[in-house]
Amino acid sequence: MDDSRLKTPARLAAPQLPSTPAFWRSPVRGVRFTALLGVVLLAGITLLFVTGLLSYAAYNPDLAAVNDKTPDKGLLGFYLFAWPTGPHWLYRLTQGLHVTVGIVLVPVLLAKLWSVVPKLFVMPPARSVAQALERVSLLLLVGGVLFEFVTGLLNIQLEYLFPGSFYPLHFYGAWVFVAGFVAHVGLKLPRTLRVLRHGIPPAADELATPDPAPPTLSRRGALTVVGAGSLLLLVTSAGRSFDGPLRRVALLTPRGGAEPGEGPNGFQINKTAAKAGIVPADTRERWRLTLAGPAGEVRLTRAQLLAMPQHSAALPIACVEGWSTSDQWWRGVRLRDLAALAGHADGRAPDVLVESLQPSGPFRTVALRGNQVADPRSLLAFGVNGEELSLDHGYPARIVVPAAPGVMNTKWVARMTFGGVR
Ligand SMILES: Nc1nc2c(c(=O)[nH]1)N[C@H]1C(S)=C(S)[C@@H](COP(=O)(O)O)O[C@H]1N2
Ligand SMILES: [Mo]
């Protein structure tokens, strides 16, 4: 009798703990696998961070308290600048990238975390001060990345889940995370690149299991599964930034799928008039636009406004939640002409505080900067695509500004105070 068969395999002799390398038996794990996913995340997360910072800047939070969702940011606002008005699809691009890349990275992130899970259990927790510091930075890193992805995904899926608090959570969370991320990249990048270029001898591969289970999937196969997952997410989410057939396959996120209606006003709506608490009667005969400025207050009827020079601009709606429309053809009066009516006739465009009929809510007021008021494409629009605005798109009048986040495009405008921004 072959007595080697009677011997109990080592791993059955004593129950393995997660802190022993042999507990983790997937033959897919290995430093090269982790390194590959790591460089994808390095590129992707850098893009997320930059486009995230840009999105905050696009709100012009340093212009007015009403634009600023994180008023206590202090030094973290060091980079803010006057958001430009061109190219007119700028925010559509930066925010579409931010949200789409965030969604598409989910499988890569999960695979990367799975690939290094054994390290979480390594005992003793730290053999030196340097290693203790590294593990603390990993806590920021893993906690931070999960926090950012979860808050971001919940916000685009469930829109008003964190009323008012999403921005501070996601903004401060990003800075905490990035502190850990920079430390981690600094520590790991040299070896990552070396491993990707030259490979790694099996004996030096601390992520490879010493006791591989029979493979069910090769490393290449595992990477293919991750890539296919990302591709599926790309196809089912990126279309929200386009029209036609692409939007129809964007089934995974709000504002994907079919357009919400037929006709010239049949493009995506963020919040309907009913949800915003607009009383339809307030938008009809008794509606007036109040302009305030150095000339005092002027109150205008819709007919008076329509008698002013009307201009057109082809501009998209691009929401912070990542969806956007193609260019719609808006028609209305230029903001700078309204500024002149309010008494700013010297050619220097002032900033403006815009207020909606909407009784309450975070988007009822917004401040626009002088460069946005000055742009000839910035309109108080009364019509879109050759038709009168529908109530849900902001009847009787709404703002449209090139390159700005959707949230700046206030609907159901009632009052504009030029040069009145604090
Ligand atoms: N008064 C008011 N204006 C508003 C909003 C709002 O909630 N209230 N939502 C804003 C946001 S977040 C977006 S993305 C755009 C959407 O415009 P749409 O519904 O016409 O597509 O309107 C903006 N204007
Ligand atoms: Mo939005």
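The legends below describe close-up views of a predicted model.

View 1. The domain assignment divides the protein into domain 1, covering 21–241, and domain 2, covering 273–418. Their C-alpha centres are separated by 38 Å. To the contact, domain 1 contributes 31 residues and domain 2 contributes 32 residues.

**View 2. Area buried between domain 1 and domain 2.** About 2,500 Å² is buried between the two domains, and carbon and sulfur atoms account for 54% of this area. On the side of domain 1, the residues that lose the most area to domain 2 are Thr-85, His-88 and Arg-92. Together these three make up 28% of what domain 1 buries.

View 3. A salt bridge joins the side chains of Asp-62 and Arg-369, with an N to O distance of 2.8 Å.

**View 4. The aromatic pair Phe-166 and Tyr-167.** The model contains 15 aromatic pairs. In the pair formed by Phe-166 and Tyr-167, the ring centres lie 5.6 Å apart and the planes meet at 65°, which is over the 60 degrees required, so the pair is classed as edge-to-face. Phe-166 has a relative accessibility of 9%, under the 20% limit, and therefore counts as buried.

**View 5. A cluster of aromatic rings.** Phe-49, Tyr-56, Phe-78, Tyr-79, Phe-171, Tyr-172 and Trp-175 are linked into a cluster by ring pairs.

**View 6. An arginine over a tryptophan ring.** Arg-29 is positioned over the face of Trp-114. The distance from Arg-29 to the ring centre of Trp-114 is 4.0 Å.

Technical notes:
Residues are numbered from 1 along each chain as its sequence is written. Chains are lettered from A and ligands numbered from 1 in the order in which they are written. This is a predicted model: local features need pLDDT of at least 70, side-chain atom pairs count only at pLDDT 80 or more; totals for chains, interfaces and linings use all residues. Side-chain values use heavy atoms; hydrogens and water are left out. Rings of Phe, Tyr and Trp (its six-membered ring) pair if their centres lie within 6.5 Å; planes under 30 degrees apart count as stacked, over 60 as edge-to-face and the rest as tilted. Buried means under 20% relative accessible area, exposed over 50%, partly exposed in between (1.4 Å probe, protein chains only). A charge sits over a ring if NZ of Lys or CZ of Arg is within 6 Å of the ring centre and within 35 degrees of the ring normal. Domain bounds come from an automatic or database domain assignment. Contact means heavy atoms within 4.5 Å. Buried area is the accessible area (1.4 Å probe) that two parts lose on being put together, summed over both. A salt bridge is a side-chain nitrogen of Lys or Arg within 4 Å of a carboxyl oxygen of Asp or Glu.
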